[in-house]
Amino acid sequence: MRQAQRDSWQALFAFAALVAAVTLPINAEGPRIYVLGLGTEAILILLMLFLTAVASVRPAASDIADLMLLFFVHVGGYFALTLLPAVADGAGWGFWGLVIALWLLAWRLVTGLSALEPSNRAYAMLLKIVVPLIFGIWLLFLWEVVVVGTGVPAVLLPPPSAIWARITTSTDILWADFNQTFLKAVIAGYAIGCASGFLVAIAADRSPFLKRGLLPVGNLVSALPIIGMAPIMVMWFGFDWQSKAAVVVIMTFFPMLVNTVAGLAASDAMQRDLMQTYAADYWQTLIKLRLQAALPFIFNALKINSTLALIGAIVAEFFGTPIVGMGFRISTEVGRLAVDMVWAEIAVAALAGSVFYGVLALLERIVTFWHPSFRT
Amino acid sequence: MTNETTTRPSSILAPDTPPEKDTVIKVDKLSLTFQTNDGPVHALEDINLEVERGEFVSLIGPSGCGKTTLLRVIADLERQTGGSITVNGVTPREAREKRAYGYVFQAAALYPWRTIARNVALPLEIMGLARAERTRRVADNLALVNLQGFERKYPWQLSGGMQQRASIARALAVEPDLLLMDEPFGALDEIVRDHLNEQLLQLWAKTNKTVVFVTHSIPEAVFLSTRIVVMSPRPGRIHDIITSNLPKQRSLDIRETPEFLKIAHRVREGLRAGHSYED
């Protein structure tokens with residue numbers, strides 16, 4: 001079932017890196033510390049990592065090798081994190097050898113899992129979640145280890161652990177900002193922008209005047225950096241969330257307009273002729289045929305707009321806002337060099353944006369199940 | 001040019017049928033010219049045709065002869081540029097608005113977001129029929145085309161032949177007296193096509209509808225029709241009209257009989273003559 005036919009170079013290099021890990025000191029400053037001098041647990045873990053590397057060299061390694069990888073790579077990762085305080089002043093090559101070995105073995109693990117083609121549906125579903133999860137965890141692991149191990153100043157890039165600590169201690173602030181920016185500005189602006197874009201598209205579809213006049217303008221406006229309108233919106237609608245919602249309305253209106261108009265033309269001639277043979281009136285044809293055929297386009301706009309709305313609301317807050325909001329927090333905390341707070345806000349925005357997009361994508365799957373890209 | 005039929009279909013019709021001919025479609029000196037960038041295209045020229053109630057008329061000819069265009073004029077999907085046409089005694093537009101016909105396209109044109117049952121129910125929803133009536137008609141017509149058990153399937157889960165049968169059920173659900181069919185089996189393989197031809201003939205015999213059927217297959221035209229209209233291209237016109245004397249009840253075996261072959265031969269001759277200036 002596995003595609004790779006050559007031996008896994010990741011496993012081979014991991015073996016070499018593990019040799020470095022046990023022979024070189026893990027710290028660069030002060031008295032040298034060796035990983036094997038840290039007690040029986042450390043020795044056992046290193047031994048297991050060696051065995052895992054050897055077991056996973058063969059491309060068609062057994063399920064046991066995959067399970068060993070899955071287990072010991074993460075035990076090893078946890079072990080490396082426990083070493084971090086000891087190497088905070090400067091990590092030695094022994095430590096980097098361990099990190100590189102773990103990274104290569106994790107790579108080997110993800111490669112192996114990606115190549116699996118399970119016939120069991122539930123198993124395939126699980127794999128679909130597990131692979132990106134492992135990938136993401138190891139990205140965070142490397143971020144943490146590299147930032148702490150090389151002593152990157154927290155102002156430039158805080159480690160994930162510091163960001164997480166900030167998130168857990170500042171939930172009330174983060175919630176207030178999320179409420180202000182996402183639940184008020186983004187949701188209101190998104191709903192108004194998408195709904196009005198949709199309605200104007202239907203009007204434009206019926207009226208040649210609007211179609212000829214408004215659509216070229218729409219295409220032009222979608223090419224403009226609309227965020228430049230934010231200061232004007234603040235002048236018009238005041239400092240509170242309404243002005244941010246207005247920016248979001250402008251940003252989401254035209255993508256929805258242009259996509260819906262394209263979607264309304266998406267039904268094919270024979271499907272429309274069919275409606276004509278039934279002497280269907282305009283609204284029957286619109287609802288039973290043209291809007292149905294337009295749904296994939298409309299969902300496309302909804303997904304594009306979910307991203308645009310979040311960007312628009314956050315950036316608009318840079319131009320004047322009450323003392324709450326995600327954009328406000330980002331711009332003020334970066335000025336106070338509290339970068340962990342900035343990252344915490346970014347994490348919240350990323351999570352909110354992903355959930356928003358994910359819900360839309362799921363809804364799209366349910367509503368346009370018939371589309372060739374979703375058929376089962 | 002034999003333009004008039006003498007065979008009047010043995011009428012099983014209601015007593016209010018007028019004593020003279022019961023003409024469903026009357027086409028008189030009809031012409032249609034499309035204006036294109038390359039100049040005018042004469043799709044139809046001087047078409048004269050009458051179709052009686054209960055007839056099965058096939059329009060046959062090479063591509064570009066206007067057979068589909070003629071069917072679309074009857075259905076009010078195109079408008080003629082000259083001459084006149086009536087359907088059930090009124091203009092095609094009025095006939096369409098009264099839902100006088102069912103139209104079957106070259107492709108099934110089922111809506112992929114509707115199940116088979118709801119596709120068949122589509123025209124009924126548009127006509128504003130009550131739910132109970134819709135349910136009855138959907139069940140009846142799906143049974144008629146042997147698609148029971150597929151009500152809840154989606155079109156893309158069915159084979160091409162089944163999809164086309166569903167589209168026929170959808171046309172029949174309107175319960176029209178007139179059925180317009182535009183190469184409905186053109187995209188199907190020969191075995192499926194034979195099978196559907198047989199089913200269509202049984203259906204026609206059972207329901208006594210008037211059918212106008214566009215095809216480019218000679219065996220199909222001869223097997224199905226009571227009259228065959230042979231058309232020739234550029235400009236599209238009627239070359240010959242052949243009345244078939246084959247019995248109304250036919251099986252596929254009839255295609256081996258001398259009578260069948262004689263009619264097929266005459267159709268082929270007509271097609272060749274209408275085509276002679278080419279190749």
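Into which domains is chain A divided? Chain A splits into domain 1 (9-152) and domain 2 (167-367), with bounds that come from an automatic or database domain assignment. This is a predicted model, where local features need pLDDT of at least 70, side-chain atom pairs count only at pLDDT 80 or more, and totals for chains, interfaces and linings use all residues. As for bookkeeping, residues are numbered from 1 along each chain as its sequence is written, chains are lettered from A and ligands numbered from 1 in the order in which they are written, and side-chain values use heavy atoms, leaving out hydrogens and water.

**Chain A at a glance**

- The C-alpha centres of domain 1 and domain 2 of chain A are 42 Å apart.
- UniProt, in an unreviewed entry, gives residues 198-365 of chain A the annotation "domain: ABC transmembrane type-1"; such positions are given in the numbering used here, feature names are shortened, and annotations may be inferred rather than shown by experiment.
- Residues 198-365 of chain A are 82% helix and 0% strand, and their end C-alpha atoms sit 20 Å apart. Here helices (H or I, at least four residues) and strands (E, at least two) are DSSP runs, numbered from the N terminus.

**The largest pocket**

- Rolling a probe the size of a water molecule over the atoms shows where empty space is left.
- On a 1 Å grid over the protein atoms alone, a cavity is a set of points where a 1.4 Å probe fits but cannot get out, while a pocket is an open set with protein on both sides within 12 Å along at least five of seven lines; lining residues have an atom within 4 Å of a point.
- The largest pocket holds about 720 Å³ of space, a volume being the space filled by probe spheres set on the points, with grid points joined across faces, edges and corners.
- It has 27 lining residues, and A:L140, A:P160, A:W164, A:I167 and A:A347 are the closest to its centre.
- At least two lining residues of the largest pocket come from each of α3 (63-87), α5 (121-149), α6 (160-169), α7 (171-206) and α14 (339-367) of chain A, and α14(A) has the largest share, with eight.
- Domain 1 and domain 2 of chain A each supply at least three residues to this lining.
- By class, the lining of the largest pocket has 21 nonpolar, five polar and one charged residues. Ala, Val, Leu, Ile, Met, Phe, Trp, Tyr, Cys and Pro count as nonpolar, Asp, Glu, Lys and Arg as charged, and the others, Gly among them, as polar.

**Cavities**

- There are two cavities of 30 Å³ or more, and the largest cavity has about 80 Å³ of space.
- Among the residues lining the largest cavity are B:R165, B:F185, B:Q199 and B:L203.
- α6(B) gives the most to this lining, four residues.
- The largest cavity lies between domain 1 (23-100 + 176-274) and domain 2 (110-175) of chain B, because both give residues to its lining.
- Seven nonpolar residues, one polar and one charged make up the lining of the largest cavity.

**Chain B: annotation and sheet**

- An unreviewed UniProt entry lists residues 25-258 of chain B as "domain: ABC transporter"; that span is 34% helix and 28% strand.
- Three strands of chain B form an open sheet in the order β2-β1-β4, with antiparallel pairing; two strands pair if DSSP finds at least two bridges between them.
- The edge strands, β2 (39-52) and β4 (82-87) of chain B, each pair on one side only.
- Strand β1 (residues 23-36) of chain B pairs with β2(B) over 10 bridges, and B:Q35 has B:P40 of β2(B) as its bridge partner.
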